[in-house]
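Trainee: I would like to learn how to read the features of a protein model, one at a time. Could you guide me through this one?

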Amino acid sequence: RSIESDVQSAISEVLVQGDFILGPHLEAFEREFAAFVGVEQAVGVSTGLDALRLSLQALGIGPGDEVIVPASTYVATALAVSAVGARLVLADCDANTGNLDGAAFRAAITPRTRAVIPVHLAGQPADMQPILECAAASGIVVIEDAAQAHGAIDRGGSPCGSMGALGCFSFYPGKNLGAYGDGGLVTTQDSALADKLRRLRNYGQRVKYDHVEKGGNYRLDGLQAAVLSVKLKRLGGWTAARGRHAAEYRRRLAGVGDLRFQAERPGSLHVYHLFFIETQRRDELQKHLAREGIETGIHYPKAVHEQDCYADLGCKPGAFPNAERRARRTLSLPMF
């Protein structure tokens with residue numbers, strides 16, 4: 001409601017101009033978001049999953065290649081790897097943050113490893129420096145899954161989405177920067193990669209009817225771009241409010257039962273897309289809060305290897321203990 005008039009004006013402008021597919025509103029938002037993240041290029045696409053999948057495709061990753069993903073992430077990160085025909089390799093998460101564990105990443109590398117996708121879970125930046133150093137030494141491409149990390153900053157001042165070869169964002173309505181429908185975006189410093197992504201999202205076209213890639217229809221539309229431009233101007237204030245709310249949760253809930261919080265890495269900016277707590281009595285606590293009229297969420301009740309669609313990985317219980325523990329114990333409190 002607080003942005004209703006501005007959003008309505010932005011939508012009306014798109015309707016009057018008729019620039020529904022690609023066009024100036026998308027180009028403007030891409031420039032704004034690239035500046036926000038501190039990169040040269042931003043390419044709007046249809047969803048966060050498509051941002052990940054198109055990134056892998058643009059890098060030429062496919063059958064015969066391996067891609068390392070944390071077992072604690074949302075399944076979309078894994079599905080992007082499967083979609084290009086590469087082999088999904090899971091690694092356990094850090095017990096305190098839920099993000100990719102550096103030692104587990106190193107142990108998962110094989111001669112076929114082409115890429116790693118660290119996830120900035122809930123808006124807490126992954127510990128990127130050791131991941132970047134290990135990847136560089138091994139000739140592995142880093143693709144950041146920043147779907148929950150709009151505006152998050154790693155220690156040293158690097159925004160999430162600016163550290164890997166590519167950064168992938170989601171604008172699903174529930175995100176800190178959410179569209180009025182589905183949406184996604186890829187950030188990069190590499191103009192050639194950005195050009196390829198623009199072709200891949202639009203039927204592989206170089207110009208109309210000149211198809212040089214086996215692409216598809218994965219475009220972010222002008223209406224969503226216009227809405228996102230309005231919201232982007234307010235994201236800093238919303239992020240600051242989330243930080244205040246998180247600090248209040250931590251203050252009031254300190255020492256309550258066996259509650260644990262997702263760790264904040266010193267020197268980083270956590271943007272709190274989600275506020276995680278952990279407890280052995282997660283399900284009981286959720287029911288109790290529901291009786292009190294407090295809605296909570298579980299992100300996510302199964303680790304990636306526990307999903308039926310990934311039974312073919314053949315992972316046994318206990319394969320990724322930190323990810324499995326989080327799936328059983330983590331509850332998300334209201335954060336808005």
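This is a predicted model: local features need pLDDT of at least 70, side-chain atom pairs count only at pLDDT 80 or more; totals for chains, interfaces and linings use all residues.

Trainee: Is Arg326 buried or exposed?

Mentor: A residue counts as buried when its relative accessible area is under 20%. Arg326 has a relative accessibility of 6%, and therefore it counts as buried.

Trainee: Which residues does Arg326 touch, leaving out those up to four places away in sequence?

Mentor: With those sequence neighbours set aside, Arg326 touches Cys93, Ala95, Thr97, Gly98, Leu121, Phe276 and Glu278. Another arginine, Arg53, lies over the face of Tyr218, at 4.3 Å from the ring centre.

Trainee: Let us turn to the nonpolar cores. How many residues does the largest nonpolar core have, and which of them have the most contacts inside it?

Mentor: The largest nonpolar core has 38 residues, and those with the most contacts inside it are Phe29, Phe33, Phe105, Val116, Phe171 and Leu177. Two or more residues are given to this core by each of helix H2 (24-37), strand S3 (87-91), helix H5 (102-108), helix H6 (128-138) and helix H8 (222-232). The largest share, 5 residues, comes from H2. Apart from this core lies another, of 36 residues, among them Leu54, Leu59, Cys93 and Phe320.

Trainee: What does Leu177 touch, if residues up to four places away in sequence are not counted?

Mentor: Counted in that way, the contacts of Leu177 are Phe29, Phe33, His150, Ser170, Phe171, Leu228, Lys231, Leu232 and Leu235.

Trainee: Now the aromatic rings, please. How many aromatic pairs are there?

Mentor: The count comes to 9 aromatic pairs. One of them is formed by Phe29 and Phe33, a tilted pair with 5.8 Å centre to centre and 45° between the planes. Both residues lie in helix H2, 4 residues apart, which is about one turn of the helix, and both Phe29 and Phe33 are buried. Phe33 also forms an edge-to-face pair with Phe169, with 4.9 Å centre to centre and 80° between the planes.

Trainee: Where in the chain do Phe33 and Phe169 lie?

Mentor: This pair links distant parts of the chain, with Phe33 in helix H2 and Phe169 in strand S6 (residues 166-170), 136 residues apart. Phe33 counts as buried because its relative accessibility is 0%, and Phe169, at 1% relative accessibility, counts as buried too. Phe29, Phe33, Phe36, Phe169 and Phe171 form one aromatic cluster.

Trainee: Finally, the cysteines. How many disulfides are counted?

Mentor: A disulfide requires two cysteine sulfur atoms within 2.5 Å, and by this rule the count comes to 0 disulfides.

Notes:
Residues are numbered from 1 along each chain as its sequence is written. Side-chain values use heavy atoms; hydrogens and water are left out. A nonpolar core is a set of buried Ala, Val, Leu, Ile, Met, Phe, Trp, Tyr and Cys residues joined through side-chain atoms within 4.5 Å. Buried means under 20% relative accessible area, exposed over 50%, partly exposed in between (1.4 Å probe, protein chains only). Contact means heavy atoms within 4.5 Å. Rings of Phe, Tyr and Trp (its six-membered ring) pair if their centres lie within 6.5 Å; planes under 30 degrees apart count as stacked, over 60 as edge-to-face and the rest as tilted. A charge sits over a ring if NZ of Lys or CZ of Arg is within 6 Å of the ring centre and within 35 degrees of the ring normal.
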